[in-house]
Amino acid sequence: MSSHTVSSRFDECLERNGASLLRLTFLLSREKGAAEELAFQSLLRLAARPEADAGDDRLFLFSTAVRLCADWFSRKLRKKPKLEALRQAALPFAVTDDLSALLGRPFACRAAAALSASGFGADEIRRIAGPRAAREAEKLSPGALQAASSVCWGNGPLSQLSDRVYDRFSERSVGVENAIHEARIRFDRAAPYLALAVLLFFAFCVWFSARRG
């Protein structure tokens with residue numbers, strides 16, 4: 001498949017899972033604009049998936065979304081938006097007290113709620129979001145599950161996301177762009193360990209010099 005060609009499986013996967021994808025990215029980002037952008041970035045990776053890759057597109061899409069949301073969330077301290085701000089954010093669903101409470105829960109709990117509300121089982125949640133999210137899924141209250149289920153964008157944003165994906169493929173080499181973005185994510189995750197390694201190296205140099213002196 002050319003880097004400028006959208007996967008032949010893309011449209012069907014988006015139609016079946018687009019609403020659940022937006023539910024996940026909103027519950028993890030807690031921002032309307034960020035949710036739509038993170039869903040778009042996840043769909044770009046799905047659209048660029050090689051035709052020969054026989055893996056489950058649904059699991060691939062949601063695993064990618066969780067990873068991108070985790071990267072976005074970890075870049076800086078992101079607090080839960082205030083209830084009044086959420087209710088004034090022109091969201092296409094009501095922000096109830098139960099939903100507000102869910103948005104205040106830890107990342108793994110919100111992932112578990114979003115995935116459970118979209119029909120994923122415990123084993124799938126573990127594969128997508130890790131063992132902690134799978135454990136959280138077993139403890140979800142009916143109120144939290146109902147709140148997650150209430151997060152629904154409708155078909156309009158899905159059509160817009162599809163158009164954005166096709167437009168991006170017509171303009172750029174999306175495969176290369178995705179690879180560069182993935183490399184940056186890996187570097188950002190490795191940066192703290194590299195910094196620690198440098199500090200340990202300098203500490204060793206100081207200790208070694210003191211011994212020789």
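Glycine 119, which comes just after helix H6, takes a positive phi of about 90°. The model is predicted, so local features need pLDDT of at least 70 and side-chain atom pairs count only at pLDDT 80 or more, while totals for chains, interfaces and linings use all residues. Residues are numbered from 1 along each chain as its sequence is written, and side-chain values use heavy atoms, with hydrogens and water left out.

Helix H6 itself spans residues 107-117, and nine of its 11 residues are buried, so the helix is largely enclosed by the rest of the structure. Buried means under 20% relative accessible area, exposed over 50%, and partly exposed in between, with a 1.4 Å probe and protein chains only. The buried residues of H6 are Phe107, Ala108, Cys109, Arg110, Ala111, Ala112, Ala113, Ala114 and Leu115. Their cover includes H1, helix H3 (57-74), H5, helix H7 (122-129), helix H8 (131-138) and H9; contact here means heavy atoms within 4.5 Å. Proline 106 is found in the loop between H5 and H6 and is partly exposed, with a relative accessible area of 40%. The C-alpha atoms of proline 106 and alanine 133 are separated by 9.8 Å, and the two residues are 27 apart along the chain.

The chain has 11 helices and zero strands. Helices (H or I, at least four residues) and strands (E, at least two) are DSSP runs, numbered from the N terminus. Of the 213 residues, 41% count as buried. Among contacts between residues at least 6 apart in sequence, 77% join residues at least 24 apart. The accessible surface comes to about 11500 Å², and 56% of this belongs to carbon and sulfur atoms; the areas come from the Shrake-Rupley method with a 1.4 Å probe, and for residues only the protein chains shown count as cover.

The count of aromatic pairs comes to six. Rings of Phe, Tyr and Trp (its six-membered ring) pair if their centres lie within 6.5 Å; planes under 30 degrees apart count as stacked, over 60 as edge-to-face and the rest as tilted. Two of the pairs are listed here.

| Pair | Geometry | Centre to centre | Angle between planes |
|---|---|---|---|
| Phenylalanine 26 and phenylalanine 93 | edge-to-face | 5.2 Å | 75° |
| Phenylalanine 93 and tryptophan 153 | tilted | 5.4 Å | 55° |

Phenylalanine 26 lies in helix H1 (residues 10-29) and phenylalanine 93 in the loop between helix H4 (83-87) and helix H5 (97-103), so their pair ties together parts that are 67 residues apart in sequence. Tryptophan 153 is in the loop between helix H9 (142-149) and helix H10 (155-171), 60 residues from phenylalanine 93. Ring pairs link Phe26, Phe93 and Trp153 into a cluster. Phenylalanine 93 is buried at a relative accessible area of 9%, and tryptophan 153 is buried at 7%.

Phe26 also belongs to the largest nonpolar core, which has 58 residues; those with the most contacts inside it are Phe26, Leu27, Leu43 and Leu99. Such a core is a set of buried Ala, Val, Leu, Ile, Met, Phe, Trp, Tyr and Cys residues joined through side-chain atoms within 4.5 Å. Not counting residues up to four places away in sequence, phenylalanine 26 touches Glu31, Lys32, Ala35, Leu86, Leu91, Phe93, Leu103, Val151 and Trp153.

Charged groups also meet rings. The charged end of arginine 58 sits over the ring of phenylalanine 120, 3.8 Å from its centre, and that of arginine 164 sits over the ring of phenylalanine 40, 3.7 Å from its centre. The rule requires NZ of Lys or CZ of Arg within 6 Å of the ring centre and within 35 degrees of the ring normal.
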